[in-house]
Amino acid sequence: MESNYKCNKCNDKGYTIINEDGTEAVKFCECREITLAKERLEKSGIADRVKTNTFKTYKVDNDARNSARNICIKYITDFNKEKSLLLQGQVGSGKTHLAIATCNKLLEKYSVKYMSYTKDINELKFNMTDTDFYNKKISEYRNTTVLFIDDLFKGFEKGDYSRARAELRIIYDIVNFRYDNKKSMIITTELSVNQLLDLDEALASRIIEMSRGYRHEFKGRELNYRIFG
């Protein structure tokens, strides 16, 4: 008989009752973290886009967009928790759209944490002296199954590195932990590979290595759909 439950392990309760040495105990189900991740993503700054940014709604009208879309689909199909997805380059090319579409598919099986670079990096910088808050947030970014960093190093593409030191320290801490522990990331950035390397070669080389085979760089202003449709 076909089950009506999304999770047959816990019947959608989010937990199971287990017996340990004759004592009943509650154990959270794997689906609970996925459900919480979906709720967090829906409550984030991209809540509306989560519903509309799908692969079906992504405009594929040239080879660059088609190639990027195919890389994202391949990333999902091949999904390996050690591998990352890196979408780079031209503003308005649909990097975040594709990243959200990819996250939505992965959320069917895995927990995904969203990090809006410009918003969340400032929150971390301003709360570095609040040890409890800072460590809790860093732990969330370190330990989630998939971390989605949107607009990594926004503003640095113009060569403004005045705030780089503090931000690099924070991001390196997160990325290096995930690199060492083989945890995947989905990253969008306007920076090219060379710009990332110029900013911090140790950090950039980790990201590039993790995303080998799953990286696409959009090149050319004509790819900006906000201008050219």
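This is a predicted model: local features need pLDDT of at least 70, side-chain atom pairs count only at pLDDT 80 or more; totals for chains, interfaces and linings use all residues.

Reader: How many disulfides does the structure hold?

Author: A disulfide needs two cysteine sulfur atoms within 2.5 Å. The sulfur of Cys72 has its closest cysteine sulfur in Cys103, 9.6 Å away, which is too far for a bond. From the Cys103 side, the closest cysteine sulfur is that of Cys72, also too far off to bond. So with that cut-off, the number of disulfides is zero.

Reader: Is Cys103 buried or exposed?

Author: Buried means a relative accessible area under 20%. Cys103 comes out at 1%, so Cys103 counts as buried.

Reader: Which side chain does the side chain of Lys74 make a polar contact with?

Author: Lys74 sits in helix H3, which covers residues 63–77. With a relative accessible area of 43%, Lys74 is partly exposed. At 2.8 Å, its side chain makes a polar contact with the side chain of Asp78.

Reader: How far apart in space are Lys74 and Tyr214, C-alpha to C-alpha?

Author: In sequence, 140 residues separate Lys74 and Tyr214. In space, C-alpha to C-alpha, the distance is 8.0 Å.

Reader: Why do the buried residues of H9 line one face of the helix?

Author: The buried residues of helix H9 (201–210) are Leu203, Ala204, Arg206, Ile207 and Met210. Looking down the axis of H9, they line one face because they fall within an arc of 160 degrees.

Reader: What covers the buried residues of H9?

Author: Two strands are part of the cover, E3 (85–89) and E6 (184–189). The cover also includes helices H7 (164–180) and H8 (193–199).

Technical notes:
Residues are numbered from 1 along each chain as its sequence is written. Side-chain values use heavy atoms; hydrogens and water are left out. Buried means under 20% relative accessible area, exposed over 50%, partly exposed in between (1.4 Å probe, protein chains only). Helices (H or I, at least four residues) and strands (E, at least two) are DSSP runs, numbered from the N terminus. A polar contact is a pair of N or O atoms within 3.5 Å; within protein, one must be able to donate a hydrogen and the other to accept it, and residues adjacent in sequence count only if both atoms are side-chain atoms. The arc is that of the directions from the helix axis to the C-beta atoms. Contact means heavy atoms within 4.5 Å.
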